[in-house]
Amino acid sequence: MRIAVAGATGNIGSLTVRALEREGHQVVGISRAQGVDLLTGDGLDRALTGVDAVVDATNTTAADRSTAVDHLGAMTRNLLAAEERAGVRHHVLLSIVGIHRVGGNPHYAAKREQERLVAEGRVPWTIVPATQFHDFAAMVASWTERDGVAQIAPLLVQPVAPADVADVLAQVALGQPRGHHADLAGPEPQDLVDMARRTHQAQGRQVTLVPTWSGAFDTEMAGNVLLPGEGARIAPTTFADWLADLPKTAESN
């Protein structure tokens with residue numbers, strides 16, 4: 001099959017490209033680095049020529065709610081319109097578990113808008129909600145790290161390996177549109193603070209972690225809000241397995 005991956009140079013997008021190519025499929029990368037601008041639509045029609053399915057792993061880094069919604073909404077509208085013109089038969093969207101239970105987070109609001117546009121669009125679709133990735137804790141800690149100290153919310157999550165997410169997205173793209181896919185999660189719940197500590201330890205880094213709800217995430221996301229629902233699809237890679245393959249950072253060598 002000929003499959004396009006939007007966000008092909010990102011974390012999940014690049015892994016999805018590799019997963020599809022391993023199976024012998026022709027992959028078209030959609031990103032600004034590859035000459036396609038989702039915000040303007042430039043290059044989309046050319047990129048989607050002859051494409052059977054699209055995997056959308058795009059994201060936004062905008063911190064303001066209105067900007068995030070507008071940014072991801074515009075990219076999604078342009079992508080769906082180009083898919084319709086090209087006769088694409090399946091749009092696969094990577095989303096996030098729990099976004100419909102959290103009202104205040106700008107990123108989650110943008111992903112809800114993305115889901116709405118896909119579900120109301122004319123291209124047959126599958127939405128795959130995934131839990132936070134195994135590298136999420138260290139990324140969150142890096143947002144506030146100063147002089148070896150970082151703040152991080154004590155979220156309860158059930159993290160999933162990025163490579164496992166990519167494998168599922170590739171499998172879904174090769175199948176028929178299913179609407180809402182079951183939640184995708186890793187094998188076991190974890191505390192985000194402990195995840196960050198163990199990640200830093202595996203990297204050979206010394207970071208003092210300060211648990212707090214005063215940062216990017218508040219108590220609206222506490223408890224079981226971010227955990228997968230019943231009937232979730234459980235990916236095989238544990239957090240410990242992922243840590244075992246983590247390379248040391250330069251500062252620890």
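Buried means under 20% relative accessible area, exposed over 50%, and partly exposed in between. The model is predicted.

**Exercise 1. The surroundings of Thr131**

Task: Which residues is Thr131 in contact with, leaving aside neighbours within four places in sequence?

Solution. 

Step 1. Set the cut-off: contact means heavy atoms within 4.5 Å.

Step 2. List the partners. They are Val97, Gln158, Pro159, Val160, Leu184, Ala185, Gly186, Leu226 and Pro228.

Step 3. Take one of them, Leu226. Thr131 and Leu226 are 95 residues apart in sequence, but 7.1 Å apart in space, C-alpha to C-alpha.

**Exercise 2. Helix 3 against helix 4**

Task: Describe how helix 3 and helix 4 pack, by angle and axis distance.

Solution. 

Step 1. Two packed helices are described by the angle between their axes and the distance between the axes.

Step 2. Helix 3 (residues 65-86) and helix 4 (residues 106-120) meet at an angle of about 25°, and their axes are 8 Å apart.

Step 3. Angles under 35 degrees count as roughly parallel. Helix 3 and helix 4 are therefore roughly parallel to each other. Their crossing is right-handed.

Step 4. Name the contact residues. Helix 3 supplies Arg65, Ala68, Val69, Leu72, Gly73, Thr76, Arg77 and Leu80. Helix 4 supplies Pro106, Ala109, Ala110, Lys111, Arg112, Glu113, Gln114, Arg116, Leu117 and Val118.

Step 5. Sort the contact of helix 3 with helix 4 by class: 9 nonpolar, 3 polar and 6 charged residues.

Step 6. Look at helix 4 as a whole. Helix 4 has 15 residues and reaches 21 Å from its first C-alpha to its last, close to the 21 Å expected at 1.5 Å a residue. Its buried residues include Tyr108, Lys111, Glu113 and Glu115. Among the elements that cover the buried residues of helix 4 are strand 3 (53-56), helix 3, strand 4 (90-96) and strand 5.

**Exercise 3. Helix 1 against helix 6**

Task: What are the angle and axis distance between helix 1 and helix 6, and which residues make the contact?

Solution. 

Step 1. Helix 1 (residues 11-22) packs on helix 6 (residues 162-174) at an angle of about 55°, with axes 8 Å apart.

Step 2. Helix 1 and helix 6 are therefore oblique to each other. Helix 1 passes helix 6 in a right-handed crossing.

Step 3. From helix 1 come Asn11, Ile12, Leu15, Thr16, Ala19, Leu20 and Arg22. From helix 6 come Pro162, Ala163, Val165, Ala166, Asp167, Leu169, Ala170 and Leu174.

Step 4. By class, the contact of helix 1 with helix 6 holds 11 nonpolar, 2 polar and 2 charged residues.

Step 5. Helix 6 has 13 residues and reaches 19 Å from its first C-alpha to its last, close to the 18 Å expected at 1.5 Å a residue. The buried residues of helix 6 include Pro162, Val165, Ala166, Leu169 and Ala170.

**Exercise 4. Helix 7 and its neighbours**

Task: What do the buried residues of helix 7 pack against?

Solution. 

Step 1. Helix 7 (residues 192-203) has 12 residues. Leu192, Val193, Met195, Ala196, Thr199, His200, Ala202 and Gln203 are its buried residues.

Step 2. These residues pack against helix 5 (136-144), strand 6 (149-152), strand 7 (156-157), strand 10 (190-191), strand 11 (208-211) and helix 8 (239-244).

Step 3. Take helix 5. The axes of helix 5 and helix 7 come within 8 Å and cross at roughly 90°. That makes helix 5 roughly perpendicular to helix 7.

Step 4. Phe136, Ala137, Ala138 and Ala141 of helix 5 meet Leu192, Met195, Ala196, Thr199 and His200 of helix 7. The contact of helix 5 with helix 7 has 7 nonpolar, 2 polar and no charged residues.

Step 5. Finish with Ala202 in helix 7. Not counting residues up to four places away in sequence, Ala202 touches Leu243, Leu246 and Lys248.

Terms used
Residues numbered from 1 in each chain as written. Predicted model: local features only at pLDDT ≥ 70, side-chain atom pairs only at ≥ 80, totals over all residues. Heavy atoms only, no water. Axes fitted to C-alpha atoms, helices over the stretch in contact; angles between N-to-C directions. Helix = DSSP H or I, 4+ residues; strand = E, 2+ residues; numbered from the N terminus. Parallel < 35°, antiparallel > 145°, perpendicular 65-115°, else oblique. Left-handed = near helix turned anticlockwise from the far one by under 90°. Nonpolar A, V, L, I, M, F, W, Y, C, P; charged D, E, K, R; others polar. Expected span 1.5 Å × (residues − 1). Buried < 20%, exposed > 50% of the residue type's maximum accessible area, 1.4 Å probe, protein only.
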